[in-house]
Amino acid sequence: RSFNIGDGAEIAGIIRNRDQFLDNSYRSQSADTGFYTQIGSMTSIIESTMNELGEKGLQSALNQFFEAAEALAGDPSNKGYRIAYASALQSVADKFNQMSSSLQTAIKENVGEVGDAASFAGSKVKTTVDDLNSKLAQLADLNQQVIRNTGVNGSANEILDKRDTLLDEISAIIPITTTTNSNNTINVSFEGLTLVDGNQQKLQFNAIQGTTEDKPAIIQITSMEDPPKFRRDDMTAEASKSGTLGAILSSAGSTTVDGVNYSTVLAQLDQLAAAFAEKLNEIQTGVNGTSTPMYINADGQLEDSTTPLFVTKDGSADFTAGNTNLIAAARVTKELPDGAYDPENIGNGLNMDLVLDLKTEKLDSLAATPGGAPASLTEFLTNTVSSVGNTLSNIDNKAATQQDVLSQIDNQRVSLYGVFDV
């Protein structure tokens, strides 16, 4: 239908200006940008953990602990030094627990806690999959609206705009490819699988809780029937490297981003906590050859005890950063003169010398790889902060580059697209 305006200008209709190549380019890059945008929240939390490992966090707590040990070794009879030493040791244990809790909370928020169905139901991986399925259903519905409205009293421009926006959103979640049908509907595929065919959603995603920490979540793809006629049991490793869904899956478990995620950092923290706790327990309980077991009680007095310094919270044999509990204060003495017991007798304080040796002692348990070179506590901390920090910096650089690429394409789209009178 034509409309006359003013002194003869005529609007014969309205056309919509789009470039399929630019749209496809944008959506291809959108998946990678979505991946790095989501990964940004992970790197931020891990960077905070690295700060906590550094000079103002765990390293500081360890330094204060060894300073307290040195003071106590120099004056074992000083009750104030005894209490300060016990307090410093508690601070180290608390720091381990706090950092572990932070990482475990991040894992739980992303992929749930293995064995806890409620945590998985509210996790990012589950809500993201639910959102993705909703968008796929909306896309099929919009395709149906395109069929109904094209050629009826004008074009379906508003519907097409909504569909393009929806396709952009879907492409940020998973990497997709699209094809346009003769009736102007669009098909959407993922890893060679047709998710939406015109006005029909063919496949859906299901987030299933895993049974191991290495595989905390599984993304199943099935057809829409009940029971489904088609099922793929998991996304490929390649798909986990793109889109926000892939980023969430890569945040925990064995799938990582350049070798780093919450789980790998937690494993390194656990390795350090276990080495620290087990070595101090050796000194505390006399496994290393000390004699009469003595330790400082809560009042700074020496008491006869074989109680280990650290125990696991859950009673298992495995120490981790979050499973380490300080239950006794440390022994100062290695032996008493003439073997006599006296709560006020300080002994010779040789246990503190053994503790101080731990500051530089290279431990097999802190080797970077099984059978690798032993490392001291300080070396392990320094190497961990440096290695993870470099990886995070590289990830941030990739994210910035990817965002620039997407922005350039989007600027081209904005300059070209629009609705024009003809």
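User: Phe65 and Phe276, buried or exposed?
Analyst: Phe65 is buried, and Phe276 is buried too; buried means under 20% relative accessible area, exposed over 50%, partly exposed in between, with a 1.4 Å probe and protein chains only. This is a predicted model, where local features need pLDDT of at least 70, side-chain atom pairs count only at pLDDT 80 or more, and totals for chains, interfaces and linings use all residues. Residues are numbered from 1 along each chain as its sequence is written, and side-chain values use heavy atoms, leaving out hydrogens and water.

User: How many aromatic pairs in the whole structure?
Analyst: The search finds 6. Rings of Phe, Tyr and Trp (its six-membered ring) pair if their centres lie within 6.5 Å; planes under 30 degrees apart count as stacked, over 60 as edge-to-face and the rest as tilted.

User: What about Phe65 with Tyr85?
Analyst: That aromatic pair is tilted, at 5.3 Å centre to centre with 40 degrees between the planes. Both Phe65 and Tyr85 are buried.

User: And Phe65 with Phe276?
Analyst: Edge-to-face, with 75 degrees between the planes and 5.6 Å centre to centre.

User: Which residues are in the cluster?
Analyst: Ring pairs link Phe65, Phe66, Tyr85, Phe96 and Phe276.

User: Different topic. Where does the charged end of Arg413 sit?
Analyst: Over the ring of Tyr26, 3.8 Å from the ring centre. The criterion is NZ of Lys or CZ of Arg within 6 Å of the ring centre and within 35 degrees of the ring normal.
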